[in-house]
Amino acid sequence: MKKMDLNIILENNDERGAVYRGDYYKKEHFLLAEIKKGKRRGGHYHNKRVHHHILSGKIIYKETLLTKKGNDIQKSKETKKIVKKGDIIITPAYAAHLLIAIESSIVFETSDENKMTINYQKYRNQIETDKK
């Protein structure tokens, strides 16, 4: 039987839940994140588009469009929607996002391989408040 070139590592496990990161043939990168009820994940943006697949639970998804330098777009308003199991969110490049679990949830994120992650302090501050 041929060995599958699949790598998965536990990246983090804290009061919000576990996060696993992986790649398939070093090309397709993915993240599997647990978000416990009332906890938050994200608080950043990427230079590439990402897809968030809600595998279980219910989440409040917040998004703010930014410039390529990470600044708020002046006339852009934060969007907020409730997503649930089976939904897929397509997050554009340079869109800060925050996921807040209404119910304990599992999210599968896929992205381009050379994606960078940059913190968006307005959303990161909310996550840091959760950790206290």
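How many strands and helices does the protein have? The model, which is predicted, holds one helix and 11 strands, where helices (H or I, at least four residues) and strands (E, at least two) are DSSP runs numbered from the N terminus. Residues are numbered from 1 along each chain as its sequence is written. Because this is a predicted model, local features need pLDDT of at least 70 and side-chain atom pairs count only at pLDDT 80 or more, while totals for chains, interfaces and linings use all residues, and side-chain values use heavy atoms, with hydrogens and water left out.

Along the sequence, the elements follow the pattern β-β-β-β-β-β-β-β-β-β-β-α. The radius of gyration of the protein is 15 Å, close to the 14 Å given by the globule rule for 132 residues, so the protein is as compact as a globular protein of that length; the radius is taken over C-alpha atoms, and the rule is 2.2 Å times the number of residues to the power 0.38. Taken along the principal axes, the C-alpha atoms fill a box of roughly 55 × 30 × 30 Å.

Of the 132 residues, 39% count as buried, a term that means under 20% relative accessible area, with exposed meaning over 50% and partly exposed in between (1.4 Å probe, protein chains only). The protein exposes about 8,300 Å², of which carbon and sulfur atoms supply 51%; these areas come from the Shrake-Rupley method with a 1.4 Å probe. Among contacts (heavy atoms within 4.5 Å) between residues at least 6 apart in sequence, 72% join residues at least 24 apart.

His 52, in strand β5 (residues 50-56), is buried, with a relative accessible area of 2%. Its side chain is joined to that of Thr 91 by a polar contact of 3.2 Å and to that of Glu 109 by one of 3.1 Å. A polar contact is a pair of N or O atoms within 3.5 Å; within protein, one must be able to donate a hydrogen and the other to accept it, and residues adjacent in sequence count only if both atoms are side-chain atoms. Leaving aside neighbours within four places in sequence, the residues in contact with His 52 also include Asp 87, Ile 88, His 97 and Val 107.

Arg 49 lies in the loop between β4 (40-46) and β5. Although Arg 49 and Pro 92 are 43 residues apart in sequence, their C-alpha atoms are 4.5 Å apart in space. With neighbours within four places again set aside, Arg 49 is in contact with Ile 90, Thr 91, Pro 92, Ala 93, Ser 111 and Asp 112.

Two further loop residues can be described. Tyr 94, in the loop between β8 (88-91) and β9 (95-101), has a positive phi of about 60° although it is not a glycine, and at 18% relative accessibility Tyr 94 counts as buried. Arg 16, in the loop between β1 (6-14) and β2 (17-24), is likewise buried, with a relative accessible area of 5%, and a polar atom of its side chain lies 3.3 Å from the backbone oxygen of Arg 40.

Ile 118, found in strand β11 (residues 117-119), is partly exposed, with a relative accessible area of 26%. Not counting residues up to four places away in sequence, Ile 118 touches His 44 and Tyr 45, whereas Ile 118 and Lys 58, 60 residues apart in sequence, are 25 Å apart in space, C-alpha to C-alpha.
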